[in-house]
Amino acid sequence: MSPLNAYLLLSALLFSIGLTGVLTRRNAILVLIGIELMLNAANLNFIAFWRYGPNPAALTGVMFAIFSIGIAAAEAAVGLGIILAVYRHTKTTDLDQINTMKG
Amino acid sequence: MTAFFLIVAALTIAGTAAAMSLRNPIHCILALTLSLVGFAALYLQLGAQFVGFTQVLVYVGAVAILAVFAIMMTRSANPPEGQSHQAAFSSSWLTGGAIAAVIFAVLAWCILSKSTPMQTAIQQPDVSVNQIGDALMHKFALPLEIVGVLLTAALIGAVILAMPERRKTL
Amino acid sequence: MLGVGILKGLAETARNFLGSYVSKDRLTTIQFPEERAPRIEASRNFPFLVYDGTDPQEGLRCVSCFICEKECPPKCIFIEKSTDKKPDAVGKPQFYPARFNIDVSVCMSCQICVEVCPFDAIKMDTAFELSATDRFDALLMNKQQLAKSNEYYHEIHPTEAAAVDAELAAARAKTAAAKAPAPPAAGGAA
Amino acid sequence: MTPDTIDQIFVIAKHWLLSYTPAPLQPVVSAALSVAPILGVFPLLFAITTVLERKGLGRIQNRYGPNRVGPYGFSQPIADGIKSLTKEDIVPRTADQFVHFLAPLLLVMAAFLAYAVLPIGKNMVITNLNAGVLFFFAVGSMVELAVFMAGWSSRSKYSLLGAMRAVAQMISYEVPLVLASIVVIMASGSLSTVAIVNQQANYTSIWPHWFVFTPWGFVGFILFMIAATAESNRSPFDLPEGESEIIAGYYIEYSGFKFALFFLGEYLGMFATSGLAITLFLGGWSAPFSFLTWVPSYVWFFAKLLALICVFIWVRGTLPRLRMDQLMGLAWKFMLPMTLLNIVTAGVWHFMPAGFVRWLVCTALLAAPFALLSRGLTQGGKKLQLRTYRFAE
């Protein structure tokens with residue numbers, strides 16, 4: 001197995017674990033964490049492709065990862081803000097119980 | 001395929017799995033930080049020093065702490081006595097797990113069945129911070145500006161979302 | 001302007017810091033085991049038993065009247081009365097304590113025992129270095145440990161001791177005067 | 001022995017030792033030889049600092065301070081060390097045992113990692129990372145996690161309160177800390193600590209090119225030091241461990257050696273941020289005058305470090321603790337705008353021709369906002385008055 005394939009497999013596995021968490025956890029915050037993990041797995045792919053790809057001088061993979069980290073930070077801030085706002089209404093972060101559209 | 005890669009990969013997988021499966025949300029966050037540091041180590045191993053350090057700074061220093069604060073504020077760290085034995089997983093956990101497993105199987109099949117085109121002579125790409133800075137300021141100037149605007153918007157949005165709501169006077 | 005106050009404060013602490021090396025009277029600390037602050041006369045700590053004369057046990061003023069034991073708020077005094085009598089400080093034949101224990105680990109230094117004692121037998125001591133490795137027996141003072149001479153009392157509380165002595169002398173004179181007219185009665189009692 | 005040999009004596013010694021090790025072991029031995037002095041010197045400095053701090057604070061308050069153990073009390077840290085080693089290690093029954101155990105280790109580890117990029121002498125740095133300053137801040141952010149772990153795992157309301165205060169404070173002050181150091185990165189055009197120091201080790205006649213001798217560098221240094229004080233939870237920003245309010249903050253429930261580890265970690269963090277301040281603004285290991293360059297470089301580094309430690313102690317002996325709202329107000333209403341303006345000023349400085357006008361413009365650019373912002377902090381310039389009591393006479 002080539003190093004690139006190893007990284008891709010690892011990234012796929014981490015992505016799947018994150019996805020499992022997103023699909024199965026009840027706690028909204030942990031679902032958000034799962035999304036972060038999936039983003040990170042994607043980042044790992046970018047870096048691996050940049051490293052082993054045909055043109056590492058272009059820096060595209062690194063740039064994408066940097067922007068992705070920046071956007072993930074924004075996403076986490078807004079996501080947790082939304083969870084806090086929801087919690088204030090429903091007094092729970094359990095996604096199985098947050099099932100109405102009414103505020 | 002060095003021993004270092006195997007150790008870091010094992011740690012990252014363990015951290016990720018623990019972050020998604022532990023019962024106590026705080027333990028999940030702590031496992032998450034292990035996983036994120038593992039990611040950073042993988043980036044470092046791939047030669048992306050700047051991304052690795054940024055990863056630690058942003059994720060461990062900000063996102064994990066933010067999540068901890070959110071857990072503290074929503075009191076999901078210590079569930080009330082009555083529901084302490086309540087399942088941490090959704091009632092449809094079987095379906096979710098199955099979907100994820102299928103996706104992993106498809107991805108793994110794709111990765112393993114094709115030999116990806118690769119540069120033959122793998123040399124450690126020597127990327128300095130100056131190059132990244134140059135690229136950010138010239139080639140990627142517009143995305144950088146957009147990310148800046150996005151972060152400002154997110155900052156304001158998060159503050160507004162988290163602000164105590166004003167009672168409607170009318 | 002922000003920062004001016006901070007600079008002033010820094011200057012003040014710097015002055016203190018340097019001044020403490022220059023002028024010794026800035027350092028008010030008394031380094032205890034070597035140096036000791038002069039003791040204030042009214043200082044008090046735990047009670048002791050006063051004796052007159054030379055023999056610590058024979059000369060005890062205490063007549064085991066149990067008033068201090070009853071009055072003691074934390075109940076740290078334990079007295080056992082003797083079966084026979086002997087002349088007390090004033091000369092009257094009285095009981096004396098066969099056992100007199102004070103648990104100083106319980107005592108709260110309230111001085112009530114001193115105030116209620118009609119015989120000026122119990123007074124407040126000033127010794128405070130009582131630390132011991134055993135917190136039960138070592139701090140339970142018995143009669144031998146508690147007995148201290150009247151001279152010692154004069155040494156630690158001179159004014160008070162002088163007043164007590166004067167009182168006792170008056171009482172002794174009165175007893176002697178009372179004894180003189182009726183010697184047979186007194187002799188019979190003895 | 002020329003001064004140059006004395007300056008490089010440790011580097012030469014390391015190479016000499018390396019030449020006797022077999023080739024496959026060389027990377028490991030080299031790393032060990034670089035790390036071991038750091039692991040030895042800075043804990044020793046911690047021991048000296050504790051006694052200096054106690055004596056200094058004592059003198060500031062017109063007391064003696066420790067003067068019993070050893071000559072002038074300088075063996076006090078040894079006695080303290082023995083005491084904390086032999087004390088019982090108590091773990092609360094409800095505590096999260098594993099996390100409780102891990103927190104002090106993580107704290108000390110993160111604190112030690114930061115020294116990897118500090119050049120403590122010419123050619124004396126463990127790794128010359130391309131993104132050294134970034135590495136420093138990344139590692140510093142792990143301290144927050146350790147603090148939170150300690151506070152949460154103890155299951156005590158005081159430790160949790162302390163941890164929350166500490167984390168909130170460290171996050172708030174990390175922003176000005178990073179922004180204050182950005183001016184130096186702008187001026188030197190590098191994130192590598194070694195390159196930053198090398199740029200400052202030049203002289204015009206006898207004066208060095210330290211960044212602190214520019215308007216933006218001076219303001220940046222002051223802001224950096226304020227933020228560093230808050231980062232290391234030292235007075236006047238010691239709310240997380242305010243003894244009078246929450247006993248000792250996040251490490252109340254620790255005893256014995258783990259407690260000592262927390263102290264060690266805290267002081268190591270302080271030394272590391274001071275070391276970064278020296279590296280960024282005070283010229284690292286370079287001598288303050290060109291005619292003093294014969295003194296070994298590491299002597300200068302540790303002299304500057306000791307001077308900054310003394311400033312920390314002096315400030316601790318002077319200022320009272322801030323209130324929580326004052327703390328946050330200082331971070332967001334004063335430090336953040338000042339650091340941003342400082343970055344602008346550094347840019348202006350870079351593009352203006354050298355001369356007196358540049359000094360004047362940059363000083364004005366920083367002094368005017370400072371006056372305005374400080375009015376906002378000091379209640380709009382209102383004079384504080386003696387409190388009058390209506391009923392209590």
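Two residues are taken to be in contact if their C-beta atoms, placed from the backbone, lie within 7 Å.

**Entry 1: ground rules**

I note that this is a predicted model, in which local features need pLDDT of at least 70 and side-chain atom pairs count only at pLDDT 80 or more, while totals for chains, interfaces and linings use all residues. Residues are numbered from 1 along each chain as its sequence is written, and chains are lettered from A and ligands numbered from 1 in the order in which they are written.

I looked up the predictor's scores and found an ipTM of 0.77 and a pTM of 0.83 for the complex.

**Entry 2: which chains touch**

I began with the pairs that stay apart: no contact joins chain A and chain D, whose closest C-alpha atoms lie 14 Å apart, and chains B and C do not touch either, with 29 Å between their nearest C-alpha atoms.

I then turned to chains C and D, where the contact takes 14 residues from chain D and 13 residues from chain C. The elements of chain D that each supply at least two residues to the side touching chain C are α3 (26–60), α12 (297–318) and α14 (356–377), and this side divides into 6 nonpolar, 6 polar and 2 charged residues.

**Entry 3: the sheet in chain C**

In chain C I found an open sheet of 3 strands in the order β2-β3-β5, with antiparallel pairing; two strands pair if DSSP finds at least two bridges between them. Its edge strands are β2 (77–87) and β5 (140–141) of chain C, each pairing on one side only. I counted 8 bridges joining β2(C) to β3 (residues 93–103) of chain C, and I saw that C:Lys86 stands opposite C:Gln94 in β3(C).

**Entry 4: domains of chain D**

An automatic or database domain assignment sets the bounds, and chain D is divided into domain 1 (1–33), domain 2 (44–86) and domain 3 (90–367). The centres of domain 1 and domain 3 of chain D, taken over C-alpha atoms, are separated by 30 Å, and 6 residues of domain 1 of chain D are in contact with 6 residues of domain 3 of chain D. On the domain 1 side, α1 (3–7) and α2 (9–19) of chain D give two or more residues, and the largest share, 3 residues, comes from α1(D).

**Entry 5: a helix and single residues**

Helix α9 (residues 215–231) of chain D has 17 residues and reaches 24 Å from its first C-alpha to its last, close to the 24 Å expected at 1.5 Å a residue, the expected span being 1.5 Å times one less than the number of residues. I found 15 of the 17 residues of α9(D) buried; a residue is buried if 20 or more other C-beta atoms lie within 10 Å of its own, exposed if 12 or fewer, and partly exposed in between.

Is D:Lys122 buried or exposed? D:Lys122 counts as buried because 22 other C-beta atoms lie within 10 Å, and its place is in the loop between α5 (97–113) and α6 (132–153) of chain D. Leaving aside neighbours within four places in sequence, D:Lys122 is in contact with D:Asp7, D:Gln8, D:Trp285 and D:Ser297; the C-alpha atoms of D:Lys122 and D:Gln8 are separated by 7.2 Å, although the two residues are 114 residues apart along the chain.

Lastly I looked up C:Phe66, whose phi is near 70°, a positive value in a residue other than glycine. C:Phe66 lies in the loop between β1 (47–51) and α2 (67–71) of chain C, and C:Phe66 is exposed, with 12 other C-beta atoms within 10 Å.

Conventions: Helix = DSSP H or I, 4+ residues; strand = E, 2+ residues; numbered from the N terminus. Nonpolar A, V, L, I, M, F, W, Y, C, P; charged D, E, K, R; others polar.
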